Amino acid sequence: MRSTSAAVPFEQPHRFPAPGLESLLEAAGDCALRIAAGGEVHSASRRALRLLGLPLPLDGVLLSACMPDADGAALRSAIVEAIAAAEPVLLRVRLRCQENGAESELRPFELRIAPLGDAQFEGELLVVGRDMSAQQATEERLRHMATHDALTELPNRLLLSDRIRMVVANARRSGQGFAVATIGIDGFKKVNDALGHTIGDDVLRQAATRLRRTMRDSDTLARVGGDEFVVILPGTASEAQIKLVTGRLMATLQSPFEAEGHTIHLGASVGVALYPQHAEDDHGLLALADAALMRAKETGKGRAIVYSVREQGPPQHDISLEAAMFSAVREGEFLLYYQPIVDARTRLIEGFETLMRWKHPTLGMVPPVRFIPIAETNGLINMLGAWALRAACAQLLQFEEAAKRELYISVNISPRQFRSDKFLDVLDDALALSGMPGKKLVLEITEGTLMVDPQHAETILHKMAERQARIAIDDFGTGYSSLAYLKRFPISVLKIDRAFVKDLPGAPKEAAICSAVLDMARHLDLSVVAEGVETEEQLGWLQQRDCRYIQGYLTGRPMPAKAALAALQDNLYTSLLPPERPASTP
């Protein structure tokens with residue numbers, strides 16, 4: 001523990017009369033001493049004698065001799081301050097303790113130094129010490145828990161970012177580049193699914209041990225969540241160095257893992273970002289290394305890819321935007337907008353799709369197409385998605401109160417949210433906190449999200465259906481061509497993508513696709529929502545083919561909650577009906 005030279009005043013204790021002083025020494029603190037202004041020990045409690053190994057008779061032994069030189073200097077300053085102020089002071093020092101003849105060890109102590117006010121002990125001071133070892137150990141343990149992964153004991157993302165900033169500072173002084181590599185275990189999900197999380201955790205611990213053995217002392221290895229690890233590689237910047245290191249990283253994870261009698265074969269993919277070529281801060285380097293890892297997995301796995309501006313797009317704007325996103329979360333800059341979903345026959349609002357917006361103080365409204373992919377990459381989408389789901393469920397109650405009838409709310413679920421093992425807990429919390437029944441909630445998921453891992457998707461979708469939540473396929477027709485999942489999964493709603501609607505009714509191919517979707521949905525007893533409806537001609541064509549629900553600028557742009565409440569109270573969109581077809585009131 002580092003000594004503190006500053007002495008802090010504390011409350012003046014009751015002054016005991018002189019005859020009781022020796023008894024006070026025995027009763028006070030872990031050790032108590034009476035010292036002269038020069039620091040000589042005049043008397044000490046039996047506990048202090050044993051703890052500090054003080055000789056008898058004391059013969060003017062200096063208390064500063066029981067501590068390192070730096071702490072001794074702090075003690076002398078504290079004594080001077082206590083005498084000058086005529087009041088107690090507080091001081092943190094390290095004392096050499098050799099209790100019961102044991103080998104001397106330094107322990108952190110808190111000393112309270114107070115002038116003795118009795119004439120018999122004029123100019124002397126009372127020192128009461130408290131052993132801070134247990135408290136310091138607890139503080140160290142809490143610090144460790146805050147900065148390390150509980151499963152592997154490796155640094156976590158918090159400590160990793162701090163280490164990257166240190167390496168960046170050194171690199172700026174030396175002019176030497178370095179690399180940040182993100183390592184993802186290929187096929188790890190099958191371990192948890194087939195063998196359980198206990199064995200999965202064992203494999204992760206083994207992976208951490210193997211990776212640690214490949215590292216130099218100057219390298220930092222961290223676990224940033226799930227099956228992803230990150231290593232900082234100071235001085236590693238050339239193509240040959242990166243090829244050598246990433247090859248070693250992948251090789252160490254290719255050997256079979258043994259866990260509870262099971263032999264498990266896995267592999268690894270690696271993404272690399274370089275300082276200063278790709279980014280110059282921790283957020284940028286981690287984001288781009290993660291982007292390179294995703295590229296490695298998308299292009300076959302079992303390979304290492306260095307981030308490429310040509311293949312993955314220019315990073316500069318994304319880096320600054322990502323940094324601004326973390327600040328935006330703290331400052332509450334993210335908002336929810338609501339777009340009406342309208343009955344095509346009555347134009348009465350039946351529900352709302354919840355859409356996330358970001359109102360940046362200088363950039364203005366940042367389009368979701370710019371910030372959602374970044375949030376998906378860095379994991380921020382899980383927190384934003386959970387917030388959006390809770391807020392949307394709570395908002396529906398206000399919408400229904402304004403409309404005086406039942407409505408529903410539709411919320412988009414991102415791929416990373418859907419894959420999270422916490423998603424069902426988030427869903428349960430949102431329903432419980434709002435008190436909203438699950439049947440009034442529609443969860444929109446893209447085809448691509450479902451087909452990445454159909455078995456996992458089937459399990460999660462059925463559990464969502466058990467909560468009575470309805471499942472909608474968003475942007476239907478733009479993803480996988482196989483329609484088998486419509487039979488396999490508990491789907492309730494299909495949303496025709498705006499790409500098929502925007503050129504209606506004059507585009508024969510789009511018209512044929514929309515007609516086929518509507519006909520198929522009718523036979524499968526599925527609801528259909530046509531997105532992107534902007535003209536009366538589009539609405540008329542869809543209505544003739546019994547498309548029940550529409551969504552688009554014709555019947556309502558995305559709007560803040562206050563505007564949506566006003567639209568419900570005024571029946572705003574029913575006023576758009578032609579005179580000969582007044583809206584029916586349920």
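Me: Exposed means over 50% relative accessible area, and buried means under 20%, so where does D546 fall, buried or exposed?
Reply: In this predicted model, D546 has a relative accessible area of 59%, and because that is over 50%, D546 counts as exposed.

Me: Okay, and where is D546 in the chain?
Reply: D546 sits in the loop that runs between α21 (536–544) and β22 (549–551).

Me: What about the phi of D546?
Reply: The phi of D546 is near 60 degrees, which is a positive value in a residue other than glycine. As background, most residues other than glycine have a negative phi.

Me: Which loop holds E260, and what is its phi?
Reply: E260 is found in the loop between β10 (257–259) and β11 (262–264), and although E260 is not a glycine, its phi is positive, at about 50 degrees.

Me: Is E260 buried or exposed?
Reply: E260 is exposed, and its relative accessible area comes to 58%.

Me: Switching topic: which bond is cis around P57?
Reply: The peptide bond that leads from L56 to P57 is cis, with omega near -5 degrees, and P57 itself belongs to the loop between α2 (46–52) and α3 (69–85).

Me: And what does the bond from L504 to P505 look like, cis or trans?
Reply: The bond from L504 to P505 is cis, its omega being near 0 degrees, and P505 lies in the loop between α19 (498–501) and α20 (508–524). In general, most peptide bonds are trans.

Me: Now helices. How many residues does α7 have, and how far does it reach?
Reply: Helix α7 covers residues 197–214, which makes 18 residues, and from its first C-alpha to its last it reaches 26 Å, close to the 26 Å expected at 1.5 Å a residue.

Me: Which residues of α7 are buried?
Reply: The buried residues of α7 are I199, G200, V203, L204, A207, A208, R210, L211 and T214.

Me: How do α7 and α8 cross?
Reply: The axes of α7 and helix α8 (residues 239–254) come within 9 Å of one another and cross at roughly 145 degrees, and the crossing in which α7 passes α8 is right-handed.

Me: Which residues make that contact?
Reply: On the α7 side they are A207, R210, L211 and T214, while α8 contributes R248, L249, T252 and L253.

Me: What kinds of residues are those?
Reply: The residues in the contact of α7 with α8 divide into 4 nonpolar, 2 polar and 2 charged.

Definitions and conventions:
Residues are numbered from 1 along each chain as its sequence is written. This is a predicted model: local features need pLDDT of at least 70, side-chain atom pairs count only at pLDDT 80 or more; totals for chains, interfaces and linings use all residues. Side-chain values use heavy atoms; hydrogens and water are left out. Helices (H or I, at least four residues) and strands (E, at least two) are DSSP runs, numbered from the N terminus. The expected span of a helix is 1.5 Å times one less than its number of residues. Buried means under 20% relative accessible area, exposed over 50%, partly exposed in between (1.4 Å probe, protein chains only). Axes are lines fitted to C-alpha atoms, for helices over the stretch in contact, and angles run from 0 to 180 degrees between N-to-C directions. A crossing is left-handed if the near helix is turned anticlockwise from the far one by less than a right angle, and right-handed if clockwise. Contact means heavy atoms within 4.5 Å. Ala, Val, Leu, Ile, Met, Phe, Trp, Tyr, Cys and Pro count as nonpolar, Asp, Glu, Lys and Arg as charged, and the others, Gly among them, as polar.
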